[in-house]
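Have a look at the picture before reading on.

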Amino acid sequence: MPSKPRDRVGEIYGRLTVVRASERRTKSGNAYWWCRCSCGKEREVPGDKLSTNTARKKPVITACLLCSKELQVEGVCAKNDREERQRREDAKRQRDALKGHVPDRWLRLPLTDAHARELGQVLFFRGTSCLRGHLAPYRINGGCLACAGQTPSAHSALITNSPNSAESE
Ligand SMILES: [Zn+2]
Ligand SMILES: [Zn+2]
């Protein structure tokens, strides 16, 4: 007779509430528990995966299969959002420093590749130089316009325009 596991019915782990014991046992003899997710779906979870100790190395289960997948996607999106916000802030800062040094219309372009896509435009200007040292807008999927021979790099403008030049306003 396997030993009767500690009754965990009613315990809450993330979105899961333990609802009843399962007959199933893991190889090492741990009990499985049926848990109900906040979405209403049930999932059979081995007891050793039910933990509120998030500092431990072993992964824990905190939602049904479907919700776990969604939570992972949410996690990835949140990270991408953060990185994109940072890119746009960096681009804004770079561009502020270039006012008067580059054509004004460059400073009205979208800030990043993703920003350009959002606005349905094809060019963006992050205020950074390409690998070949050009300071020029980029085309989404296409790279630096100066590399493509479509726009001269702004470095010549940097030399000929004084920082206080108002002619571009
Ligand atoms: Zn769920
Ligand atoms: Zn280039």
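## The chain as a whole

Of the 169 residues in the protein chain, 33% are buried. Keep in mind that you're looking at a predicted model. The chain has 4 helices and 7 strands. If you start at the N terminus and follow the chain, the elements come in the order β-β-β-β-α-α-α-β-β-β-α.

Now for the strands. Four of them, in the order E1-E2-E3-E4, form an open sheet with antiparallel pairing. Strand E1 (12-13) and strand E4 (42-46) are the edge strands, so to speak, each pairing on one side only. In general, strands of a sheet pair through backbone hydrogen bonds, either parallel or antiparallel.

Zoom in on strand E3 (residues 31-36), which pairs with E4 in the antiparallel sense over 5 bridges. Here you can find Trp34 opposite Glu44 in E4, and Cys35 opposite Arg43 in E4. The hairpin of E3 and E4 has 5 residues between the strands, and in this hairpin Gly40 takes a positive phi near 105°.

## The zinc ion written as ligand 1

Which residues hold the zinc ion (ligand 1)? Its protein donors are the SG atoms of Cys37, Cys39, Cys64 and Cys67, lying 2.2 to 2.3 Å from the ion. Along the chain, these donors follow the spacing C-x1-C-x24-C-x2-C.

Why is the arrangement around the zinc ion (ligand 1) called tetrahedral? The reason is in the angles: the 4 donor atoms subtend 107 to 116°, and four donors count as tetrahedral if all angles lie between 85 and 135 degrees. For reference, the ideal angle for four tetrahedral donors is 109.5 degrees.

Are these cysteines buried or exposed? The cut-off for buried is under 20% relative accessible area. Cys64 counts as buried because its relative accessibility is 2%. Cys37 is buried too, with a relative accessible area of 3%, and Cys67 is buried at 6%. Cys39 has a relative accessible area of 39%, so this residue is partly exposed.

## The zinc ion written as ligand 2

On to the other metal site. The zinc ion (ligand 2) is coordinated by Cys130 (SG), His134 (ND1), Cys144 (SG) and Cys147 (SG), at 2.0 to 2.3 Å. The site of this ion is tetrahedral, with angles of 103 to 113° among its 4 donor atoms. Its donors follow the spacing C-x3-H-x9-C-x2-C along the chain.

Where do His134 and Cys144 sit in the chain? His134 is in the loop between strand E5 (123-124) and strand E6 (138-139), while Cys144 is in strand E7 (residues 143-144). The two are 10 residues apart, and the pair links distant parts of the chain. Both His134 and Cys144 are buried.

How many disulfides does the structure hold? The count is 0. As a reminder, a disulfide is a covalent bond between the sulfur atoms of two cysteines.

Key:
Residues numbered from 1 in each chain as written. Chains lettered and ligands numbered in written order. Predicted model: local features only at pLDDT ≥ 70, side-chain atom pairs only at ≥ 80, totals over all residues. Heavy atoms only, no water. Donors = N, O, S within 2.8 Å, 3.2 Å for Na, K, Ca; no water. Tetrahedral: all angles 85-135°; square planar, octahedral: opposite > 155°, others 65-115°. Buried < 20%, exposed > 50% of the residue type's maximum accessible area, 1.4 Å probe, protein only. Pairing = 2+ DSSP bridges. Disulfide = S-S within 2.5 Å.
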